[in-house]
Amino acid sequence: MTPDATAWDALRLSLWVAVWATVLAIPLALWVAWLLARRDFWGKSLLNAAVHLPLVLPPVVTGYLLLMAFGRNAPLGRALEAIGLQLAFHWSGAVLAAMIMGFPLMVRAMRLAIEAVDPKLEEAAASLGASRQSVFGRVTLPLILPGILAGTVMGFAKAMGEFGATITFVANIPGQTQTLPSAIWSALQIPGGEGQAVVMVLMASAVAIAAVLLSEMLARRVAARIAGT
């Protein structure tokens, strides 16, 4: 059995949502990871708990909270719609939901990478007159690139597979908000739709495997470059 038009539409939307969610999350995840790894401040435990909250909350609860905050009847949702930005029941909302669900995984991988860097290396660079930005860009960042890549792949994979928060926040509208997990669920609700569901499962698996292989290849190249320098 070959994928039908619904499957291809769902795959394209899932890739679009996952890419945007990952790209938008990387800078914020890196900043939060650096704060948690290198800074001590009041409320650090609260920030850490808030970052990891989507991992322990049921995804449907996360989606419902997003709907309450950004729905068309919510003050914030109306304010955003006034400037032309719609989130609820729109693909952009799927990006937000996927970003939030994958964010803890990205932060954790990046934080572990930053904590693995010896602070004495950063202190040595700073003692030679390098600014904080220069130390991070020329010393810390090259060393944590494998961690950033790992976090990026984990965030992308989570975004590709996100279901509960997405379907609660943006519904399951074919061609508009129906991602691959939603399309698989819909196919399983139709008598005789198991075949098409299996096809979409294989499509999702192929994307996941390709992402992991690409990550491994890039991580090896980065590690070889670091070892060579």
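This is a predicted model: local features need pLDDT of at least 70, side-chain atom pairs count only at pLDDT 80 or more; totals for chains, interfaces and linings use all residues.

Trainee: Why is the pair of Trp16 and Trp91 called edge-to-face?

Mentor: The planes of Trp16 and Trp91 stand at 65 degrees, and planes over 60 degrees apart count as edge-to-face. The ring centres are 5.8 Å apart, and the limit for a pair is within 6.5 Å. Trp16 sits in helix H1 and Trp91 in helix H5, so the pair ties together parts that are 75 residues apart in sequence.

Trainee: What makes Trp16 partly exposed?

Mentor: Its relative accessibility is 43%. Buried needs under 20% and exposed over 50%, so Trp16 counts as partly exposed. Trp91, at 30%, also counts as partly exposed.

Trainee: And why is the pair of Phe163 and Trp185 tilted?

Mentor: Those planes are at 45 degrees. Stacked needs under 30 and edge-to-face over 60, so the pair is tilted. The centres of the two rings lie 6.3 Å apart, against that cut-off of within 6.5 Å. Phe163 is in the loop between helix H7 and helix H8, while Trp185 is in helix H9.

Trainee: How do you know what kind of residues make up the lining of the largest pocket?

Mentor: Sort them by type: 14 are nonpolar, one is polar and none is charged. Ala, Val, Pro, Ile and Phe are among the types that count as nonpolar, and the residues closest to the pocket's centre are Ala50, Val51, Pro54, Ile100 and Phe103.

Trainee: Which helix gives the most to that lining?

Mentor: H3, with five residues.

Terms used. Residues are numbered from 1 along each chain as its sequence is written. Side-chain values use heavy atoms; hydrogens and water are left out. On a 1 Å grid over the protein atoms alone, a cavity is a set of points where a 1.4 Å probe fits but cannot get out, and a pocket is an open set with protein on both sides within 12 Å along at least five of seven lines; lining residues have an atom within 4 Å of a point. Helices (H or I, at least four residues) and strands (E, at least two) are DSSP runs, numbered from the N terminus. Rings of Phe, Tyr and Trp (its six-membered ring) pair if their centres lie within 6.5 Å; planes under 30 degrees apart count as stacked, over 60 as edge-to-face and the rest as tilted. Buried means under 20% relative accessible area, exposed over 50%, partly exposed in between (1.4 Å probe, protein chains only).
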